[in-house]
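Visitor: I'm new to this structure and would like a close look at a single part of it. Could you pick one group of paired strands and walk me through how they are connected?

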Amino acid sequence: MDNLVHASAIVDAGAMLGEGTRIWHFSHVCGGARIGDRCSLGQNVFIASDVVIGHNVKIQNNVSVYDAVVLEDDVFCGPSMVFTNVHNPRAAVVRKHEYRRTLVRRGASIGANATVVCGVTIGAYAMIGAGAVVTRDVPDFALMAGVPARQIGWISRHGERLDLPRGADGRARCPHTGDVYTVAGGACTVQPAD
């Protein structure tokens with residue numbers, strides 16, 4: 001499967017693109033960036049040089065993925081969401097040596113216009129609501145919303161809200177797949193349906 005790079009896009013020498021990756025209008029991928037197979041970068045996307053993107057990642061229009069960000073497989077970045085890499089930026093102070101690493105685990109989704117403050121980990125299959133501001137680590141399968149983002153529930157791998165209590169242990173079944181989710185001690189795990 002061939003890559004598709006729109007004529008208006010720029011892919012610098014030294015960037016690594018996986019098979020079947022598509023890069024749309026006016027996007028820029030810097031040399032050194034590593035992008036996996038079957039990814040889609042929408043219009044006006046910027047990927048810095050110290051970025052690693054897994055397979056099957058979807059980055060919608062107007063997203064900049066700055067240095068020190070890692071997106072694992074199957075991550076979704078909604079339109080105009082924002083990553084940062086400096087905690088206390090000043091135009092007159094160079095802080096490139098102070099970048100804080102951000103990790104978005106497999107299958108997580110980040111909604112449109114959300115902001116991810118640098119130095120956090122977003123857990124596997126977590127879902128960040130549109131417009132939320134993530135300022136601290138997010139557990140696997142957590143459903144987050146607000147400014148700053150707070151956990152408002154649990155979400156399945158399929159993207160279905162789970163009937164699980166916040167702040168208490170419990171079990172629930174994904175209504176779409178039948179997978180069983182268990183919350184114990186504030187952590188959620190999944191047992192695939194037979």
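**Strands around β22**

Guide: Happy to! Please keep in mind that this is a predicted model. In the hairpin made by β22 and β23, five residues lie between the strands, and glycine 159 has a positive phi near 90°. Strand β23 covers residues 161-162, and two bridges join it to β22 in an antiparallel arrangement. To find this pairing on screen, look for isoleucine 155, which sits opposite arginine 161 of β23.

Now turn to another partner of β22. Strand β22 itself spans residues 150-155, and it pairs with strand β21, residues 142-145, through four bridges in the antiparallel sense. β21 and β22 also make a hairpin, this one with four residues between the strands. Its turn includes glycine 146, whose phi is positive at about 100°. Alanine 145 has arginine 150 in β22 as its bridge partner, while alanine 142 stands opposite tryptophan 154 in β22.

One further strand joins the picture through β21. Strand β19, residues 127-128, runs parallel to β21, and two bridges link them. Here, methionine 127 is found opposite leucine 143 of β21.

Definitions and conventions. Residues are numbered from 1 along each chain as its sequence is written. This is a predicted model: local features need pLDDT of at least 70, side-chain atom pairs count only at pLDDT 80 or more; totals for chains, interfaces and linings use all residues. Side-chain values use heavy atoms; hydrogens and water are left out. Two strands pair if DSSP finds at least two bridges between them.
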